[in-house]
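Subject: Structure handover

Hello,

Here is the structure I said I would pass on. My notes on what was found in it follow below.

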Amino acid sequence: MTLRYRSAAGRWVLLATVLGSSLAFIDATVVNIALSEIGRDLDADSAGLQWTVNGYALSLASLVLLGGSLSDRFGRRRIFLGGVAWFAAASLLCGLAPTIELLVAARILQGIGGALLTPGALAILEASFTPEDRPKAIGAWSGLGGIGGALGPFLGGWLVQSGSWRLIFLINVPVAAVVLWVAGRHVPESRNPSATGSVDVAGLLTGAAGLGGLTYGFTAWPQHGPGDPAVLVSLAVGVAAMVAFVLVERRSSHPMLPLRIFRSRAFSGANLVTFLVYAANGGVFLLVVVNLQVVAGFTPLASGMALLPVTVLMLLLSARAGALGQRIGPRIPMTAGPLVCAAALAWLSRIGTDASYTADVLPPVILFGLGLCLLVAPLTATALGALDDSYAGIASGVNNAVARAASLLAVAVLPLAAGIGAGSLTDPVVLAPVYHDAMLLCAALMTGGGVLAWFLIPDRLTAHTPVKTFCDPCSPPVHPADTDRSPTA
C-alpha cells in the first residue's frame, strides 16, 4: 500500500528515514571536530586518529552495495531497522572505547551499520510513496538531511566543548531509539518478490574488496602521494577486484548487482551525472572553506558557516524542485541545475584576499545553492525511478556508491590536478592561484554533468512496476484516510 506525501503516515515515514540517514551523515564528519580531544584522552598517534575517520568511510563505502541488495531481498524496513540498531550499538562502543584501537574497531562497525541503513532509507521512500509523490518525498529527504549535516559540526563542537568527545557518539543511541520506534510502527515493509533469499558470497567479497581498495587508495592519496606503494597497491587491488566483481555478477544466478539494470539509459545516465556533479561537490566543500581561511582571512567559524545558505535553500526548495521534476520531467532541471552550479563556481573562483562575505561570497553561494536545489532531488528520483520498484534497494546502493567514490576521487585528485602540492594548502601565496584553477575544474565537471543529462536523461521516465509488499504482523495497518488523501498544492 503506497502513501501520499501530505498524509500523516507519509510524514512518519519521512521522519524515520531522515533521522536514520542523518545518523550516518553526521558521523561521517562530526568526529573531525573531536580528533584533538580524542588524541589527548586516548594518547593516540596521528595514524590512529586518521583511522578513526577513515575506518568509518572505508567500511561504509565497501558495503553500501550489499546494504542495497539485502534490503531488496529480505525487506527494506527490516534491513533499515537492523542497520539502525547496529549503528546504535557501535556508537555505544565508540563512546565507551578505552583505547584508540578499540575506537577504530567500533568506527568500522559503525560504517557497517551505515551501509545497511543508508540505501535502505531511500529505498523505503521509493517503495512507500505513490509515484507522483516520490520526487517530493525524496526532495524533502534531501533538504531535511542537509539540515542534519549542517548542524552536526555545531552540535559536535558544543558537546566536545561542554562535555566530552564521547558524547558525540553516545547521543546517537537515543536518536536511534526514536528511529527504531517510529520505523517499527509506521514504515510499511516492502521487498523485491523475485529476489532469492541466498546471498551472493562471491559478489559480496569481490565488491567489498573493490570498493574498499579504491576507497582506501583515494583516501590515502592526498597524504602519501600517488607514488606511494600502499596507494598503488590499494588502487590496483580495487580495480582488479571490481573487474572480478563484474565477471562474477555476469555469471551468478542470484547476483548482488544484476548488471541488466544498466541497460536502462536513464539509470546509467543518472549515475554518470551523479559521478560528475558529486566529484565537483567534493572539491567545492573542501576547497572553498580552506580558501576562505587561508587566503581570504576568515575565521574557522565564519568559513565553516559560509556555505550554510546552501543548506537553507535545500531545506526550503528541494521538495518543490522534486515536484517540478515530476511535473515537467527530469531532463530540464538536471540539465539546468549543473549549469547554474557551474556559473556559480566560476564566480566563486574569484574569491581572493580581503574578500567580503556579503559582496564576494554570499551571491555565488546562493546561486550555487539554487543550482543544487534544481539538480539533487530530480537526480536522486531519476536514479531510483529509472528502474522497477523491485530494484529500489540496489538502485539506491549503486547511486550512493557512485556519489561516495566521486567525492573521494575529487578530494584526492582535484588538488593535485590544480597544482596544489604537499603543504601548500596552508600557504596563501601558493593556494590562491590553484584554488582559482580548481574551481574552474569543478565548474567544468558540473558543465559536463549538465551536458550528459541533456543527452542521456529522457523527458519522462517510463512507468514503474508497482512494488509488492508483504505483511508484517508487527506493523499496524495503514488507515485509508492516510493513503487516499490528495496532496495540497
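Apart from residues up to four places away in sequence, Leu 372 has contacts with Asn 281, Val 310, Met 314, Cys 341 and Met 446. Please keep in mind that this is a predicted model. Leu 372 also belongs to the largest nonpolar core, a set of 79 residues, where Leu 372, Leu 345, Phe 368 and Met 446 are those with the most contacts inside the core. Helix 15, residues 357-385, supplies 11 residues, the largest share of this core. A separate second core has 24 residues, among them Ala 115, Leu 116, Phe 245 and Ala 395.

Gly 371 is in helix 15 as well. Is Gly 371 buried or exposed? Its relative accessibility is 0%, so Gly 371 counts as buried, the cut-off for that being under 20%. Leaving out residues up to four places away in sequence, Gly 371 touches Gly 337, Val 340 and Cys 341. Cys 341 is 30 residues from Gly 371 along the chain, and the two C-alpha atoms are separated by 4.9 Å.

For the chain as a whole, the secondary structure consists of 18 helices and 0 strands. The chain has 489 residues, and 54% of them count as buried. Taking contacts between residues at least 6 apart in sequence, 85% link residues that are at least 24 apart.

Helix 14 (residues 331-348) packs on helix 17 (residues 428-456) at an angle of about 170 degrees, and the axes are 8 Å apart. Angles over 145 degrees count as roughly antiparallel, so helix 14 is roughly antiparallel to helix 17. On the helix 14 side the contact includes Pro 338, Leu 339, Cys 341, Ala 342 and Leu 345, and on the helix 17 side it includes Met 439, Leu 440, Cys 442, Ala 443 and Met 446. Sorted by class, the residues of this contact are 16 nonpolar, 4 polar and 1 charged. Leu 345 and Met 446 were named above among the residues with the most contacts inside the largest core.

Helix 17 also meets helix 11 (residues 265-294): their axes come within 9 Å and cross at roughly 160 degrees. Helix 11 and helix 17 are therefore roughly antiparallel too. Their crossing is left-handed. The contact of helix 11 with helix 17 has 24 nonpolar, 6 polar and 1 charged residues.

Helix 1 passes helix 5 in a left-handed crossing. Residues of helix 1 in this contact include Val 13, Leu 14, Thr 17 and Gly 20, and those of helix 5 include Arg 107, Gln 110, Gly 114 and Leu 117. This contact divides into 7 nonpolar, 7 polar and 2 charged residues.

With a relative accessibility of 2%, Glu 126 counts as buried. Which residue is 263 residues from Glu 126 in sequence but 7.1 Å from it in space? That residue is Asp 389, with the distance taken from C-alpha to C-alpha.

Regards

Note on methods:
Residues are numbered from 1 along each chain as its sequence is written. This is a predicted model: local features need pLDDT of at least 70, side-chain atom pairs count only at pLDDT 80 or more; totals for chains, interfaces and linings use all residues. Side-chain values use heavy atoms; hydrogens and water are left out. A nonpolar core is a set of buried Ala, Val, Leu, Ile, Met, Phe, Trp, Tyr and Cys residues joined through side-chain atoms within 4.5 Å. Buried means under 20% relative accessible area, exposed over 50%, partly exposed in between (1.4 Å probe, protein chains only). Helices (H or I, at least four residues) and strands (E, at least two) are DSSP runs, numbered from the N terminus. Contact means heavy atoms within 4.5 Å. A crossing is left-handed if the near helix is turned anticlockwise from the far one by less than a right angle, and right-handed if clockwise. Ala, Val, Leu, Ile, Met, Phe, Trp, Tyr, Cys and Pro count as nonpolar, Asp, Glu, Lys and Arg as charged, and the others, Gly among them, as polar. Axes are lines fitted to C-alpha atoms, for helices over the stretch in contact, and angles run from 0 to 180 degrees between N-to-C directions. Angles under 35 degrees count as roughly parallel, over 145 as roughly antiparallel, 65 to 115 as roughly perpendicular and the rest as oblique.
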